[in-house]
Structure formats: C-alpha cells, structure tokens
Amino acid sequence: MIVKQHAEAAQEFIKDEARTDWHDETLWFVRHKRDKAVNTLPEWESLREWASQIKNHTLSNLDHYLKNFEERAISNGIIVHWASDAEEHNRIIHKIIADNKIDKIVKSKSMLTEECHLNDYLKSRGVKILDTDLGEYIVQLREESPSHIVLPAIHLKRQDVSATFHEHLKTEEGNFDPQYLASTARHHLRERFVESELAITGVNFAIAETGSFVVCTNEGNADMGVHAADIHIACMGIEKLIPKTEHLGVFLRLLARSATGQPITTYSSHFNKPRQGQQMHVVIVDNGRSRQLGRPDFRNSLKCIRCAACFNTCPVYRRSGGHSYHSTVAGPIGSILNPNLDMKANSDLPFASTLCGSCTNVCPVKIDIHDQLWKWRQQIVANGYVTSGKKAGMNGMAWVLSNPKLYRLSGTIVRWVMRKFPLVVNNRLNVWYKQREMPAAPEKSFRDWFKENQET
Amino acid sequence: MSSRELILKAVAENKPDLTALPEMDLSLTIRYANKIEQFIDKLKSAGATTCHQDSKLVLQNDLTEVKAQGKFIIDLLDIPHSKDWGDLHASQLESLDTCYLRAELGVAENGAMWISEKQMSNRLIPFICQHLVIVINEENIVNTMHEAYQRIETTADGFGVFIAGPSKTADIEQNLVIGAHGSRSLRVYVMGAVS
C-alpha cells in the first residue's frame with residue numbers, strides 16, 4: 001500500500017473547505033475549554049513542573065520501577081506479560097484468547113493496541129474484537145482508523161455517523177440527532193457488554209509501589225466490559241509507570257483538563273486485584289520505547305500522557321486532519337514519536353509543523369515538542385530521508401544566506417523580477433503560490449532603506 | 001534471553017542519569033472558601049443533579065417513590081448490612097434500574113467521589129445501573145485530588161473508582177450526550193451535619 005505523505009494527504013483533506021473550517025474551529029473550541037479549565041487553578045504551572053519531574057525521575061529509574069510494579073502486581077494476583085514488540089504483544093493476547101476458547105471480546109480505547117494493529121492481527125486469525133468507545137466504534141464500522149487519540153471520530157460529521165449507523169444498525173435514514181444515534185449505539189453495545197467473555201483495556205497510569213493501574217473514561221465502556229467479562233487484559237507501554245499513588249493526584253488533575261477541559265473524567269477506575277474468579281492480565285510493551293529512551297534529544301517524549309492538547313492547539317493538525325499523519329498517534333506528539341518507530345516512513349512528519357511552539361506551551365508534562373520536531377528534521381536530513389528537491393533547495397538557500405554579497409544581489413534580482421514579471425512566481429509551479437497571493441515586492445531592501453535614512 | 005530480560009536490560013542501558021522526585025509543596029494548591037458549594041457546582045456542570053437542603057428527607061422520599069415503581073433497585077446504603085450482590089452476573093444485572101450507594105469521599109475541585117469495592121458489593125453495579133444515586137457526607141468533601149489520595153486507601157480493596165457524573169460522550173460532532181455506556185443519570189445527596 002502506498003502511504004501518502006502528510007502534505008499530499010492534507011491537500012486531499014482541505015478540498016472540502018467548509019469541513020476543514022469546521023474541523024479547525026471545533027478543535028480550537030476544545031483548546032479554549034482547556035484554557036478555561038486551566039485558568040481556574042493558580043497552581044497549574046507547579047502541577048506541570050511536578051508532573052514533568054515525576055516523569056523524568058521515573059524514566060531515570062525505569063527498570064527498577066518496572067520490576068517493582070511487576071512484583072506487586074503478581075502478588076495482587078495479576079498475570080504479567082512482557083512484549084518486546086507489537087508482534088509479541090499481539091501473539092500474547094491471541095494466545096490468551098485461544099487458550100480460553102473465547103469468541104466474544106470487547107475493547108475500550110487503547111492507543112497501544114492501535115499502534116500494534118491488534119485488531120487486524122486477530123481478524124486475520126478469525127478473531128473479532130468490538131471497539132466500544134463510541135468514537136472508535138464508529139470508525140471501526142467504517143473500517144477507518146481513529147484520527148485523534150482522544151476524539152477518534154473528530155473527522156466525521158453527524159451525517160456520516162448517521163449513514164454508517166443506518167447501514168449497520170438500521171437507524172432511521174436521515175436522522176442526524178446525536179442523542180438518537182448515541183442511544184442506539186448504547187442499546188446495541190449493552191448486549192455485547194453483557195455477553196462479553198474477555199475485555200481489553202489500555203492503561204493510563206501504572207503505579208509501581210502498589211502494582212495497580214488506573215483507566216480513565218467518560219463513557220464507562222472500559223468498566224462495563226471489564227466487570228462483565230471473566231478475563232481482563234490491560235495493555236501498557238513501559239512509559240505508563242509512575243512511582244507512587246500520591247502522584248495520581250498530580251496526573252489526574254492535569255489529564256482531563258488538558259484533554260477536554262473537564263476537571264476530571266467521569267470514571268477514574270483503580271484496578272488492584274482481579275475480582276473473585278476473574279483472570280487479570282497486564283501486558284507490558286516496549287515496541288521501540290527503550291530505544292527512544294536511549295536518544296537524549298528525544299527521550300522525554302516518553303513523558304507523554306496522551307491528552308492530545310498538542311493536537312488541539314496545532315494549526316497544522318487542525319487544518320490537515322489526523323489521517324494525514326498516517327500513524328496511530330498523529331499531531332505534534334506523533335510527529336516526534338513516529339520517527340523513532342520508522343524514521344524513513346515517517347520522515348515527512350517533523351516537517352508538518354510551523355514550529356510555533358504552542359504544543360510545548362500546552363503540554364501538561366512539559367515535553368519540548370517543537371524543539372524535538374526541529375531536531376528530528378536535522379536527523380532526517382542527515383540520514384538522507386528528504387526529497388532531492390528539498391535538499392537542493394536547502395543547500396542553495398544555505399549558500400545564498402551565508403554569502404552576503406550574493407544575498408544582496410539575489411534580493412535585487414528577485415524584487416525586480418517580481419515587479420516586472422510577476423507571472424514568473426505567480427504560477428502553479430511555485431508551491432508557495434498555492435492558495436495564496438505572493439506579496440508585493442518592495443522597491444528596495446530594508447538594508448538600503450536603513451542606509452539612506454541613517455545618512456540623512 | 002526472555003523479552004522481560006531484554007526490555008529491562010535495554011531500559012537499564014538507555015536510561016538517563018538518575019534525577020530526583022520533586023518536592024511538592026501542596027500548600028500551593030487551591031483551597032476553596034466553600035468546598036461544598038464548589039463540589040455541588042462541579043457535579044451540576046458534569047450533568048448530575050444534586051440535593052443538599054433537607055437531603056435526608058428528600059432521599060427518603062426518593063427511595064420510597066422509586067421502590068414503589070416496582071423496578072429492579074439495589075440499595076447499598078447500609079453496608080455491611082445490605083444484601084450481598086457479589087455473585088450476580090451481567091445478564092442478571094442488565095435490568096438494574098437504580099442503585100443507591102455511599103461514597104467515602106468527595107473532591108471539591110472536580111466533583112469526583114471515591115467508591116471502593118466494598119461500597120458497591122459487585123464491581124459492575126455502579127456502571128450497569130440506568131440511574132445511579134450516591135450519598136455523601138459533607139464532612140468528607142476535600143479540596144483537591146492531593147487531599148483525596150491522602151485520605152483514601154486505594155488498595156484497601158481489589159477495585160475502586162472516582163465517579164464524577166453520569167456517563168457521557170461527545171464523539172458525534174462534539175455534541176454532548178449524557179448516557180453513553182454507564183449510568184444515564186447521577187443524583188447526589190450531600191448530607192449535612194444536621195440534616
């Protein structure tokens with residue numbers, strides 16, 4: 001399958017101008033809700049700093065905390081598995097399903113299982129999983145992937161959802177009422193929860209000192225699945241650990257406010273032990289994370305708590321849509337995580353940014369996202385993963401900019417050409433001309449103007 | 001080498017130099033002039049209904065009225081003397097209309113209430129019921145999550161949950177819909193020292 005580069009896919013996305021505007025404004029509205037929630041707490045900046053330091057500390061002692069967590073979890077009756085990569089993660093889950101002869105499986109939102117392409121892996125082995133988060137359920141019915149890690153169906157309008165539900169759930173054609181559509185899904189999924197034999201969830205936070213883990217949802221779908229089924233499998237990346245229970249106080253205060261502007265999610269479920277007769281598994285996954293830990297410039301991307309505040313604030317994400325990033329985790333954070341997984345395949349992503357720095361400013365755990373985007377660009381160029389056109393352009397630019405006389409001469413020529421023969425730059429071959437007018441060329445450079453005015 | 005050993009080895013080799021945990025000065029965190037008012041306010045904005053005035057009496061009427069409707073009700077207000085529902089399967093709880101239970105603690109900053117496994121008798125009950133009713137004593141309302149974690153013992157039971165409203169979703173065009181997969185409504189009775 002040929003994967004379109006970000007710029008190319010974004011071009012497709014923005015063809016529908018009204019929808020692009022809606023996408024942009026809706027996500028900006030979520031960002032605005034975040035600001036309102038954040039401004040109610042005078043200690044917000046202290047919380048960010050504490051969260052950042054707790055995560056830095058955890059990463060600096062991660063092997064110790066992983067062992068701690070495992071030991072406590074096992075003594076709590078939880079079965080702990082370790083997976084080096086996506087394939088092993090999928091194999092472990094498939095084995096649990098096969099060993100227990102399960103065929104009714106529900107899953108709540110877990111970006112890790114998306115990253116590992118668990119659904120496809122199981123589907124090719126004849127096992128069907130039902131995604132129960134409403135947004136994920138919608139995209140699963142449409143055979144799409146989530147376009148946002150917190151709002152999976154944000155690329156869709158109610159008309160799309162209505163058409164999908166009409167086809168699969170026999171809802172009334174043309175009934176676009178979100179209340180009606182959501183309650184139909186609720187009704188349908190309730191039956192599936194009740195009959196489910198196995199439930200898969202993600203993990204928001206895993207606590208080393210207790211061997212417990214916390215799962216946050218607004219819909220209650222994680223709990224409906226887990227408490228109904230006889231087997232619970234929770235999947236977590238190695239970076240989900242925090243040392244102590246008291247640290248949850250910091251992270252639960254930051255997470256929902258950053259994500260949606262809520263002061264907390266509706267449900268914050270704390271799992272310590274399986275219930276009587278239940279099997280509880282935790283799968284701890286590396287999949288490139290330990291490699292990222294070894295990259296000093298990029299390791300602190302592992303502090304991420306997946307709130308997606310950086311998505312909602314990003315002018316490029318808002319106007320290009322999540323699918324343009326051809327990855328499970330899109331947006332600014334995805335653009336610094338994905339090159340670690342496959343630098344060549346994701347070499348376009350660090351360039352899908354204006355480097356405005358807004359992502360860094362809203363990040364609740366203080367990841368220097370825009371600096372890392374810039375650093376990845378350099379790594380990508382050094383590894384030869386940019387197009388020859390871009391490389392030649394950059395080299396030419398560097399030559400001109402490092403040569404003052406040549407720079408002044410080029411400026412004079414360009415200004416003259418733009419004034420006399422505007423069609424040379426105002427044409428389809430110039431990518432800077434797409435969807436915008438070129439600026440009017442001034443008579444003289446600032447340098448010339450300054451010289452004249454200084455002397456008089 | 002097993003994957004466990006491989007991962008732990010790679011992490012040990014690649015981790016940065018040890019940094020310290022932060023000294024968290026919790027005196028910097030918000031204190032509300034009226035914790036109870038703030039708590040109620042947050043619950044209302046999350047879509048819950050609340051009762052503070054004459055709450056004991058109103059709760060009695062609520063119970064009487066709902067019980068008279070003949071629907072499947074679970075009343076867990078008198079733990080440990082309430083009936084044990086631990087063995088019930090999802091298929092038996094599916095028709096549960098209303099559940100009454102007590103929260104150990106409430107948090108003013110966000111309206112969240114801590115319910116431990118022993119308060120819910122069966123882990124599925126607070127989620128599968130159509131309507132959830134939570135009773136909380138006003139002296140158990142704290143300012144922030146930091147204070148909450150100082151007060152509760154999260155590992156006292158196998159499971160525990162903070163609940164901060166009825167279930168909800170905004171996954172269809174960011175339109176808020178109350179009643180996603182968990183309870184469709186939440187009523188909270190805040191019991192005063194005298195009520």
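In the predicted model, strand 5 (residues 205–207) and strand 6 (residues 212–217) of chain A pair in the antiparallel sense, and 3 bridges join the two strands. Within this pairing, Ile207(A) has Ser212(A) of strand 6 of chain A as its bridge partner.

Two surface patches were identified on chain A. The nonpolar patch covers about 350 Å² and is made by Met397(A), Leu401(A) and Tyr407(A). Of these residues, Leu401(A) is located in helix 19 (residues 388–401) of chain A. Leu401(A) counts as exposed because its relative accessibility is 56%, and the term exposed applies over 50%.

The positive patch consists of Lys405(A), Arg408(A), Arg447(A) and Lys451(A). Helix 20 (404–420) and helix 21 (446–455) of chain A are the elements that contribute two or more residues to this patch. Lys451(A) is found in helix 21 of chain A. With a relative accessibility of 40%, Lys451(A) counts as partly exposed, because this class lies between the limits of 20% for buried and 50% for exposed residues.

Terms used. Residues are numbered from 1 along each chain as its sequence is written. Chains are lettered from A and ligands numbered from 1 in the order in which they are written. This is a predicted model: local features need pLDDT of at least 70, side-chain atom pairs count only at pLDDT 80 or more; totals for chains, interfaces and linings use all residues. Side-chain values use heavy atoms; hydrogens and water are left out. Patches are made of residues with over 30% relative accessible area and no salt bridge: like charges are joined within 9 Å, nonpolar side chains (Val, Leu, Ile, Met, Phe, Trp, Tyr) within 5 Å. Accessible areas come from the Shrake-Rupley method with a 1.4 Å probe; for residues, only the protein chains shown count as cover. A salt bridge is a side-chain nitrogen of Lys or Arg within 4 Å of a carboxyl oxygen of Asp or Glu. Lys and Arg count as positive and Asp and Glu as negative; His and the chain ends are not counted. The place of a charge is taken as NZ of Lys, CZ of Arg, CG of Asp or CD of Glu. Helices (H or I, at least four residues) and strands (E, at least two) are DSSP runs, numbered from the N terminus. Buried means under 20% relative accessible area, exposed over 50%, partly exposed in between (1.4 Å probe, protein chains only). Two strands pair if DSSP finds at least two bridges between them.
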